[in-house]
Amino acid sequence: MSSSRVIKSFRQLLNESKEQSRRRVVIEQIISAMSLGVNLSPLFADMVKAAQTTDLVQKKMIYLYICKYAEENKELLILSTGTFQRDCQSQDPLVRGLSLRSMSSLMNKELVEYMAREIKKGLMDRSNYVRRIAVLATVKLFRVSPELVLGTEIEKKLYSMIAEVDPYVSINSVVALNEILASKGGISITQKIIIHLLKRFHEFTHWGQSIVLGLVANYAPQSEQECLQILNLLDNYLKSGNTSVILAVSKVFINLINDLPNLRNQIYDRIKNPLITLVSCTGNEMAYPVLKHIYLIATQLPNLFASESSRFFIKGSDPTYLQEIKIDILCEIVNKQNFKQIIFALASYVINSSLNEQISSYCIRAIGKIASQLSSYFDMVIDYLMEFIELDIPHIVEASMIILKDVIRLFPEQSLEIVLPELKRLSEIIHTEEAKVSLIWILGEFGEKIDEGPYILEKFVETFSEESSEKIKLELLTSVLKMFFKRPPESKKMLGVILHEATENSNEPDVIDRGLFYYRLISTDINKTKSIVLYEKEKFTRFTENDPLELFEILMDEFNTFSVVYKKPYDQFKRILHKNEEEEEEEEEDSSTDSSSFSEEELLDQIQQNVNDLDINQQNQNQQNSQEEQEIELVPKFNLEPSEFQNKWMNSSHNLNFDFELDEELDKESFEEILKENNFQVMASGLIQSTIKIFCYGKDISSNQIGLFQLLITGVNVKLNAKGTNPQFLKLFAEYIATVLTE
């Protein structure tokens with residue numbers, strides 16, 4: 001929208017606002033309008049001028065504005081350098097840190113010299129906070145001008161700052177060096193650095209510990225003794241409550257296995273329980289990557305988690321992505337001891353109406369996968385699959401038929417005796433596309449072994465022209481051709497019909513091409529066609545997609561990264577990530593240029609309303625302050641009966657505890673005398689061991705408010721308990737009595 005009036009209004013308000021509170025509200029409105037997409041870059045010079053303030057909140061907002069519009073005001077940006085430099089010399093470390101962070105965020109080559117100078121000063125600053133920011137600022141400087149960092153005193157200083165007393169400075173130095181030296185493989189890991197970081201490991205935050213563990217994972221110990229020392233030192237951190245730390249420690253342990261092959265089983269046993277515990281003790285979002293790492297380990301060490309199979313049974317409250325990864329783990333850890341338990345659980349999930357169709361189908365595929373791993377239990381798997389098909393539930397039938405096809409491919413001799421007699425019945429109850437495709441494939445491969453084989457196929461051929469699925473038509477063409485060479489008399493007519501329908505009456509290009517290809521193949525040489533169609537297939541016992549051996553080694557090297565979650569090496573998805581980041585940046589740029597949903601008039605009204613609200617709030621605050629500044633003056637001779645005092649004490653609606661110290665010790669009589677001189681009436685007093693206890697009260701002349709007090713005085717320490725009906729006056733009473741006793 002046209003923002004000229006808005007800018008004029010803001011500029012006027014900035015110039016008129018002399019009070020800090022009023023100016024803060026104006027700047028808040030500028031930031032708010034900026035976030036709505038209003039282009040306020042013409043205010044750049046005014047905002048730089050407004051940065052000359054001691055209000056830290058205003059400075060933060062102004063620096064945010066400057067960083068936002070720095071690119072659009074390069075010619076005016078030099079005006080801000082003086083402000084940044086002055087604030088970098090401030091006595092307040094918060095201001096110095098804020099200025100350095102904002103200045104380094106500008107990423108402007110024209111300011112590189114100023115940035116480098118202030119960063120070098122920041123690295124030597126007496127404040128830990130400023131040094132932390134200065135260390136991270138070196139990364140921003142590197143991105144603008146690498147030659148000012150690489151191989152310079154800044155790089156050397158960062159290495160030396162790893163030994164800083166402040167743990168945040170130390171870790172920030174490690175992170176900065178990893179960023180700056182990324183092209184060289186990151187920070188140079190030496191024994192001295194590793195020992196230093198591990199000795200003070202307990203000082204770091206969970207984030208810092210994860211950074212250190214990343215270095216340790218890439219460190220090659222000099223001896224077996226050093227390996228054992230590292231294992232012993234980090235062993236307790238497997239009990240950490242942080243997922244990142246536990247996974248990072250696990251990676252260190254796994255990497256050290258190469259140096260300690262004789263301890264391989266013990267090391268994996270040590271990390272097993274912490275990983276399983278994490279699954280049950282963290283939220284779903286954190287449990288998922290942990291389960292992914294467990295799955296990775298289980299692919300090569302299934303027996304490690306086999307005894308804990310029940311820990312991976314799915315719950316009704318689990319989201320779908322958790323249920324799927326748990327099922328994957330069960331498939332990997334199944335063995336002869338837990339087979340029946342796992343297969344029964346999976347079968348129960350299939351028919352569980354509370355689970356969605358996706359999980360039911362996923363469980364059926366898992367059952368088929370288990371059959372390929374434990375062939376001795378093949379009969380039980382076939383029985384379950386046949387039972388699922390008889391349920392006549394579309395998604396269960398489809399998944400069962402697909403897996404049945406795979407099972408037959410793996411175990412043709414054992415399975416055909418059970419499945420083939422059921423094909424005619426199955427052809428009548430299946431209705432989904434994938435299930436039909438699987439059935440037709442089975443008929444094409446083995447249908448000649450049953451008398452009804454050609455006739456079951458013929459029923460599908462009769463509805464060929466009405467069939468809407470291209471997949472079914474293509475599979476049917478191939479299966480009919482196979483049946484023709486196996487049972488020519490029953491299939492000859494059927495082949496002619498389907499070739500005619502495919503080439504003359506079909507609208508699908510792929511179906512037409514397949515029909516013409518088969519027709520020409522038969523017409524050329526029928527014997528060669530037979531040898532091509534009925535070629536002898538090699539026997540296999542495992543699907544290649546179930547064999548992750550090569551991938552396993554790569555993913556173990558990238559343990560505790562997204563590679564494990566995505567189940568692919570980083571090289572295969574990093575381009576996609578970078579592309580998505582670029583698209584997000586473009587979307588942000590587009591959204592920032594979109595017109596605001598507010599009209600100019602609405603925005604101006606909102607700005608004025610907020611300023612008016614500020615004036616009203618200021619008036620209310622002034623009234624409150626004047627009320628708070630009211631002095632207490634007590635009625636000289638005001639008396640309460642003991643019973644009345646006790647009743648008010650027990651039924652008072654407000655209570656205030658107030659502690660203060662005296663300048664010197666006094667005795668009980670002196671306290672009573674001081675209180676009476678200031679019109680406080682003493683109800684009772686006494687001495688309990690070394691503590692003086694006094695009950696007194698007073699009434700304010702102007703407000704008629706009554707205050708009841710209990711004083712416990714031990715030496716110079718006074719504990720005051722005040723009771724009354726007005727909390728504001730209770731505070732005034734307490735402050736007054738403290739003033740009386742300390743003067």
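Author: Start at the hairpin of E3 and E4. Six residues lie between the two strands, and asparagine 704 in that turn has a positive phi of about 60°. The strand and helix labels are DSSP runs numbered from the N terminus (helices H or I, at least four residues; strands E, at least two).

First, the ground rules. This is a predicted model, in which local features need pLDDT of at least 70 and side-chain atom pairs count only at pLDDT 80 or more, while totals for chains, interfaces and linings use all residues. Residues are numbered from 1 along each chain as its sequence is written, and side-chain values use heavy atoms, with hydrogens and water left out.

Now back to the two strands. E3 and E4 pair in the antiparallel sense, over eight bridges. Pairing here requires at least two DSSP bridges between the strands.

E2 and E3 are antiparallel partners over seven bridges. Serine 685 has isoleucine 694 in E3 as its bridge partner. Valine 682 stands opposite cysteine 696 in E3.

Step back to the whole sheet. It is open, with five strands in the order E1-E5-E4-E3-E2 and antiparallel pairing. Its edges are strand E1 (654-661) and strand E2 (681-688), each of which pairs on one side only. On average, neighbouring strands are turned by 15° against each other, direction ignored. In a regular strand, side chains alternate between the two faces of the sheet.

Next, E4 and its other partner. Strand E4 (residues 706-714) pairs with strand E5 (residues 717-724) in the antiparallel sense, over seven bridges. Look for threonine 714: its bridge partner is asparagine 717 in E5.

Two helices cover this sheet. Helix H35 (residues 642-651) packs on the sheet and touches E2, strand E3 (691-699), E4 and E5. The direction of H35 makes about 90° with that of E4. Helix H37 (residues 727-742) also packs on the sheet, and touches E1, E3, E4 and E5. The direction of H37 makes about 25° with that of E1. Contact means heavy atoms within 4.5 Å. Angles run from 0 to 180 degrees between N-to-C directions, with axes fitted to C-alpha atoms, for helices over the stretch in contact.

What does the record say? UniProt lists residues 634-742 as "domain: Beta-adaptin appendage C-terminal subdomain", in an unreviewed entry. Such annotations may be inferred rather than shown by experiment. Over residues 634-742, the chain is 33% helix and 39% strand. The end C-alpha atoms of that stretch are 18 Å apart.

For context, look at some helix pairs elsewhere in the chain. Helix H19 (residues 339-350) and helix H20 (residues 357-373) have axes that come within 8 Å and cross at roughly 150°. H19 and H20 are therefore roughly antiparallel. On the H19 side, the contact uses Phe339, Ile342, Ile343, Leu346, Ala347, Tyr349 and Val350. On the H20 side, it uses Ser360, Cys363, Ile364, Ala366, Ile367 and Ile370. The cut-offs are under 35 degrees for roughly parallel, over 145 for roughly antiparallel and 65 to 115 for roughly perpendicular, with the rest oblique.

Another pair is helix H26 (residues 453-462) with helix H28 (residues 488-505). They pack at an angle of about 20°, their axes 10 Å apart. H26 and H28 are therefore roughly parallel. Pro454, Tyr455, Leu457, Glu458 and Val461 of H26 meet Glu490, Ser491, Met494, Val497 and Ile498 of H28.

One more pair: helix H13 (residues 224-235) and helix H14 (residues 243-256) have axes that come within 11 Å and cross at roughly 160°. H13 and H14 are therefore roughly antiparallel. From H13, Cys227, Ile230, Leu231, Leu234 and Asp235 meet Val249, Val252, Phe253 and Leu256 of H14.
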